[in-house]
Amino acid sequence: MHRVWNFSAGPATLPTEVLLQVQAELLDWQGAGCGVMEMSHRGKEFTRIIAAAEADLRELIGIPADYKVLFLQGGATQQFAQVPMNLLGRGAARKSADYIVTGAWSKKAWKEAQRIAPVRLAASVEARGEAADGFTRLPRPDELDLDAQAAYLHVCTNETIHGVECHDDAALAAQLPAGVPLVADMSSHILSRPLDVRRYGLIYAGAQKNIGPSGVTLVIVREDLLGRAPADIPTVMDYQVMADNGSMLNTPPTFAIYVAGLVFQWLKRQGGLAGIQAVNRQKAALVYAAIDASQGFYRNPVAADCRSCMNIPFTLARPELDGVFLAAAEAAGLVGLKGHKSVGGMRASLYNAMPLDGVRALVDFMNDFAAKHA
Ligand SMILES: *Cc1c(COP(=O)(O)O)cnc(C)c1O
């Protein structure tokens with residue numbers, strides 16, 4: 001068998017140990033006589049699996065007891081709609097919400113929310129014009145136009161396409177008007193570093209970057225934010241109903257939840273979130289150092305304090321070499337490096353499951369390629 005170093009932005013590489021355990025249990029999960037894909041979600045085996053996944057996640061992050069953990073479907077994209085459907089309130093108590101746009105994903109969230117209600121743009125850092133790099137930083141406090149009455153403030157704390165990460169969510173939370181909960185799309189960096197859930201009213205993340213296979217979406221929501229949805233929203237979209245039913249109003253994505261649970265156990269064995277953060281910082285530092293030492297051969301336009309540890313976009317000074325770079329990388333067993341079409345160039349995603357050795361192989365390749373083509 002041959003495994004490549006997979007730098008895909010998502011669905012992304014999974015820990016080999018987890019895949020081997022899945023393989024070993026595929027036909028017979030711990031003596032059940034069938035695999036997880038084949039068992040009832042209401043049976044005692046799966047009840048154990050989902051309970052263990054939630055308990056391990058709570059322990060890993062340190063999720064306070066007054067927050068619910070939901071395992072939903074529909075991806076982060078569904079959350080773009082489900083958040084405003086649930087949190088804007090109803091009747092006379094209905095409010096607006098604020099959105100900060102820092103990249104392609106928060107912009108999509110803001111656009112989708114406008115289909116539900118006229119939400120506000122509290123800040124956008126999109127650079128326009130010919131030489132613009134699009135999104136390269138977070139807004140300064142003086143650029144924020146916050147509504148003190150907003151139902152919530154929505155942010156994306158790691159912009160997967162533009163490689164912009166919020167490294168100081170304490171500072172972000174400090175800017176919130178009193179009583180306005182922070183809602184965050186953490187799809188591409190959740191579990192990559194310690195997280196103080198108390199700073200947020202609601203956190204969501206699609207699984208296929210740092211949690212497990214696609215098909216399950218994690219929502220962590222403070223209990224007081226439940227039960228605010230208008231009565232006419234679809235039942236499956238109502239957080240309160242999903243919470244009341246332990247994410248099992250209907251059939252949940254059982255296999256994805258099972259694999260996510262194994263990833264949570266794997267993360268505990270890596271020293272938890274502090275342990276994995278140390279490795280993640282080391283990995284990202286290697287790639288940024290290679291870019292910055294390349295004398296302009298490679299370029300990453302993101303402001304130094306907002307550079308993502310998970311997704312590193314970079315361009316070549318000579319874009320005509322993009323195809324050569326990607327083909328040679330693939331021949332060297334380094335795949336998934338093509339940049340998003342809106343940014344161009346390359347992108348290396350260094351999620352938790354990408355080992356340090358894979359990043360070393362990438363950096364060696366980048367250095368060799370630059371030396372050869374400089
Ligand atoms: C991938 C991604 C999404 C979209 O996720 P889906 O599960 O495909 O809907 C949304 N937000 C961020 C930050 C992402 O990285």
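# Chat on a predicted model and its ligand

Author: In this predicted model, a nitrogen atom of the ligand has a polar side-chain atom of Asp185 at 2.6 Å. For polar contacts, the cut-off is a pair of N or O atoms within 3.5 Å; within protein, one must be able to donate a hydrogen and the other to accept it, and residues adjacent in sequence count only if both atoms are side-chain atoms.

Reader: What goes into the numbers?

Author: Local features need pLDDT of at least 70 and side-chain atom pairs count only at pLDDT 80 or more, while totals for chains, interfaces and linings use all residues. Residues are numbered from 1 along each chain as its sequence is written, and side-chain values use heavy atoms, with hydrogens and water left out.

Reader: Back to the ligand. What lies 2.7 Å from one of its oxygen atoms?

Author: An N or O atom in the side chain of Lys209. A polar backbone atom of Ala76 is 3.2 Å from an oxygen atom of the ligand.

Reader: How much of the ligand does the protein cover?

Author: 86% of the 390 Å² of accessible area that the ligand has on its own. The areas come from the Shrake-Rupley method with a 1.4 Å probe; for residues, only the protein chains shown count as cover.

Reader: How many residues surround the ligand, and which are the closest?

Author: 13 residues surround it, and the closest are Thr77, Thr160, Asp185, Gln208 and Lys209. A residue is counted as near if one of its heavy atoms lies within 4 Å.

Reader: How does the shell split by class?

Author: Seven residues are polar, four nonpolar and two charged. Here Ala, Val, Leu, Ile, Met, Phe, Trp, Tyr, Cys and Pro count as nonpolar, Asp, Glu, Lys and Arg as charged, and the others, Gly among them, as polar.

Reader: Which helix gives the most to that shell?

Author: Helix H3 (residues 75–87), with four residues. Helices (H or I, at least four residues) and strands (E, at least two) are DSSP runs, numbered from the N terminus.

Reader: Lys209 again. Which ring does it lie over?

Author: Lys209 lies over the face of Trp105, 5.6 Å from the ring centre. The test for a charge over a ring is NZ of Lys or CZ of Arg within 6 Å of the ring centre and within 35 degrees of the ring normal.

Reader: Now rings with rings. How many aromatic pairs are there?

Author: The structure holds 12. Rings of Phe, Tyr and Trp (its six-membered ring) pair if their centres lie within 6.5 Å; planes under 30 degrees apart count as stacked, over 60 as edge-to-face and the rest as tilted.

Reader: Why is the pair of Phe297 and Phe369 edge-to-face?

Author: Because the ring planes stand at 65°, with the centres 6.1 Å apart. Phe297 sits in the loop between helix H8 (272–292) and strand S11 (298–299), and Phe369, 72 residues away, in helix H10 (residues 356–373).

Reader: Buried or exposed, those two?

Author: Phe297 and Phe369 are both buried. Buried means under 20% relative accessible area, exposed over 50%, and partly exposed in between (1.4 Å probe, protein chains only).

Reader: And what about Phe325 with Phe369?

Author: Their ring centres are 5.1 Å apart and the planes are at 80°, so this pair is edge-to-face. Phe325 is in helix H9 (residues 322–331) and Phe369 in helix H10, so the pair ties together parts 44 residues apart in sequence. Phe325 and Phe369 are both buried.

Reader: Which residues make up the cluster?

Author: Ring pairs link Phe297, Tyr298, Phe314, Phe325, Phe365 and Phe369.

Reader: What is the phi of Gln295?

Author: Positive, about 55°, although Gln295 is not a glycine. Gln295 is in the loop between H8 and S11 and is exposed, at 80% relative accessible area.
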